[in-house]
Amino acid sequence: MVHVTQGTQNVDPDDLIRPTLEALAAMDVLVIATTGLRDRTELPFAVPANARVSDFVPHSELLPHVDVMVTNGGWGGTLAALSHGVPLVVAGGDLDKPEVAARVAWSGAGVNLKTGRPNAQRVRAAVERVLRDPSFGTSARTIADELAACGGVGRALDLIEQLPA
């Protein structure tokens, strides 16, 4: 299963959802695309038979079933995927997203497409590489273990509450 999301800020489906759906249309995968916009469950282009589109799917429900996530590199989605040990294909085009993409690639947990508007060929090659090479999943699972060992939100809250008033 492949999940593609552009997050909730840069939501033009032509940036990442369209090239991903085109790239994976002939592959034997189920693609779950989320638009990031409330009640936007249809796209202005044809959706291949192996894809489903939703405005939002809780990552806690979806990510345990995902083999690779294609994302724009927003911190929320990236950390959600990594906390579930899901390797990434990152198309970070603006703000902090190129930096996030570079860090994902540096960690070995995914591929940096080095653009916010990749073409279908680059997306397909990256997804195939991540699915074929188990080192990406191994690195993503290592990061998941490290994140879990840090204690998550509960630990962060404890540390904040310990700060002097």
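Lys and Arg count here as positive charges and Asp and Glu as negative. In this predicted model, the mean positions of the 14 positive and 19 negative charges of the chain are 6 Å apart.

The chain contains 7 helices and 6 strands, arranged along the sequence as β-α-β-β-α-β-α-β-α-β-α-α-α. Its radius of gyration is 16 Å, close to the 15 Å given by the globule rule for 165 residues, so the chain is as compact as a globular protein of that length. Residues 24 or more positions apart supply 54% of the contacts with a separation of 6 or more.

Overall values for the chain are as follows.

| Property | Value |
|---|---|
| Span of the C-alpha trace along the principal axes | about 55 × 35 × 30 Å |
| Residues that count as buried | 45% of 165 residues |
| Accessible surface | about 8,800 Å² |
| Part of that surface belonging to carbon and sulfur atoms | 54% |

In soluble globular proteins, nonpolar side chains tend to be buried together. In this chain the largest nonpolar core has 26 residues, and Leu21, Leu24, Val89 and Val127 have the most contacts inside it. Two or more residues of this core come from each of β1 (2-5), α1 (17-24), β2 (31-34), β4 (68-71) and α5 (120-132). The element that gives the most is α5, with 5 residues.

Leaving aside residues up to four places away in sequence, Val127 touches Val2, Leu24, Val68, Val70 and Val89. Another core, of 17 residues, lies apart from the largest one; Leu62, Leu82, Val86 and Leu88 are among its members.

Note on methods
Residues are numbered from 1 along each chain as its sequence is written. This is a predicted model: local features need pLDDT of at least 70, side-chain atom pairs count only at pLDDT 80 or more; totals for chains, interfaces and linings use all residues. Side-chain values use heavy atoms; hydrogens and water are left out. Helices (H or I, at least four residues) and strands (E, at least two) are DSSP runs, numbered from the N terminus. The radius of gyration is taken over C-alpha atoms; the globule rule is 2.2 Å times the number of residues to the power 0.38. Buried means under 20% relative accessible area, exposed over 50%, partly exposed in between (1.4 Å probe, protein chains only). Contact means heavy atoms within 4.5 Å. Accessible areas come from the Shrake-Rupley method with a 1.4 Å probe; for residues, only the protein chains shown count as cover. The place of a charge is taken as NZ of Lys, CZ of Arg, CG of Asp or CD of Glu. A nonpolar core is a set of buried Ala, Val, Leu, Ile, Met, Phe, Trp, Tyr and Cys residues joined through side-chain atoms within 4.5 Å.
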